[in-house]
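Student: I have a fold on the screen and would like to learn how to read it. Can we go through it feature by feature?

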Amino acid sequence: VTAYFFGILAGIFAGFVGIGYRIGSKGKVFPIQTALLLDAIGIVLFSFLGKWQYDMPMEGWLCGIVAGLTQYAAIRLLRMALQKGPLSPAWCAVGLGFVPVLVYCWFFMGEKPTVWQIFSVIATVGAIVAASIGNGKAAGGGHKLESKKAGIFYGILLVVILLFVGIIYIVLKIASFAKY
């Protein structure tokens with residue numbers, strides 16, 4: 001029961017992060033600054049909860065570097081997405097970062113997807129692209145996409161964000177099988 005409670009609580013707080021990004025983007029607080037604060041809190045918290053390990057192999061360091069760089073790029077791209085269009089599709093792309101690890105597991109880990117899982121991944125990417133092409137004004141004074149070309153660019157931007165956010169989950173999957 002406790003795990004479910006904390007899972008629900010984490011989901012609620014994750015939603016507030018997206019709202020915070022949007023509010024901050026209207027002022028002088030950029031997504032990278034918010035992410036840096038959250039990351040610093042996470043580093044301190046998990047440094048005390050975890051154990052220090054100095055003999056980590058090169059593969060572990062490389063996985064950490066790739067995960068960190070792609071998360072940094074995702075945050076930079078999120079800032080661009082917030083400048084170009086509404087929050088809702090951008091935050092959906094961030095929240096659906098589990099999709100790339102599913103595809104990775106199907107192709108590289110030998111996991112067999114069901115028809116429903118394949119359909120859900122296709123529908124997820126389709127929903128992000130469809131939402132990005134819409135030309136409606138976002139609630140709360142959000143951005144309006146000015147042309148079909150801007151909508152296509154926004155859609156591509158959201159798919160790249162989805163891929164970059166998903167890389168950390170792929171790295172975690174790889175690390176779960178590592179012999180450190």
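**Reading a helical chain**

Tutor: Start with contacts in the protein chain between residues at least 6 apart in sequence: 79% of them join residues at least 24 apart. Contact here means heavy atoms within 4.5 Å. This is a predicted model, in which local features need pLDDT of at least 70 and side-chain atom pairs count only at pLDDT 80 or more, while totals for chains, interfaces and linings use all residues. Residues are numbered from 1 along each chain as its sequence is written, and side-chain values use heavy atoms, with hydrogens and water left out.

Student: How many helices and strands does the protein chain have?

Tutor: Both are DSSP runs, numbered from the N terminus: helices are H or I with at least four residues, strands are E with at least two. The protein chain has seven helices and zero strands. Along the sequence the pattern reads α-α-α-α-α-α-α.

Student: What share of the residues counts as buried?

Tutor: Buried means under 20% relative accessible area, exposed means over 50%, and partly exposed is in between (1.4 Å probe, protein chains only). Of the 180 residues, 27% count as buried. The protein chain exposes about 12000 Å² (Shrake-Rupley method, 1.4 Å probe). Carbon and sulfur atoms supply 74% of that area.

Student: Is Thr-70 buried or exposed?

Tutor: Thr-70 is buried, because its relative accessible area is 11%. Thr-70 is found in helix α3, residues 58-84. Leaving aside residues up to four places away in sequence, Thr-70 touches Phe-164 and Ile-167. Compare Ala-14, in helix α1 (residues 2-26). Ala-14 has 36% relative accessibility, so it counts as partly exposed. The C-alpha atoms of Ala-14 and Trp-91 are separated by 9.8 Å, though the two are 77 residues apart along the chain.

Student: At what angle do α3 and α4 pack?

Tutor: Axes are lines fitted to C-alpha atoms, for helices over the stretch in contact, and angles run from 0 to 180 degrees between N-to-C directions. α3 and α4 pack at about 160°, with their axes 9 Å apart. α3 is therefore roughly antiparallel to α4. The cut-offs: under 35 degrees is roughly parallel, over 145 roughly antiparallel, 65 to 115 roughly perpendicular, and the rest oblique. Leu-78, Ala-81 and Leu-82 of α3 make the contact with Leu-87, Ala-90, Trp-91 and Val-94 of α4. By class, that contact has seven nonpolar, no polar and no charged residues. Nonpolar covers Ala, Val, Leu, Ile, Met, Phe, Trp, Tyr, Cys and Pro; charged covers Asp, Glu, Lys and Arg; the others, Gly among them, are polar.

Student: Which residues of α4 meet α7?

Tutor: Pro-89, Ala-90, Ala-93 and Val-94 in α4 meet Tyr-154, Leu-158, Ile-161, Leu-162 and Val-165 in α7. This contact has nine nonpolar, no polar and no charged residues. Helix α4 (residues 87-95) and α7 pack at about 25°, with their axes 7 Å apart. The two are therefore roughly parallel.

Student: How do α5 and α7 pack?

Tutor: Helix α5 (residues 98-108) and helix α7 (residues 148-176) pack at about 50°, with their axes 6 Å apart. α5 and α7 are therefore oblique to each other. The contact is made by Phe-98, Pro-100, Val-101, Tyr-104 and Cys-105 of α5 and Leu-162, Leu-163, Gly-166, Tyr-169, Ile-170, Lys-173 and Ile-174 of α7. The contact residues divide into ten nonpolar, one polar and one charged.
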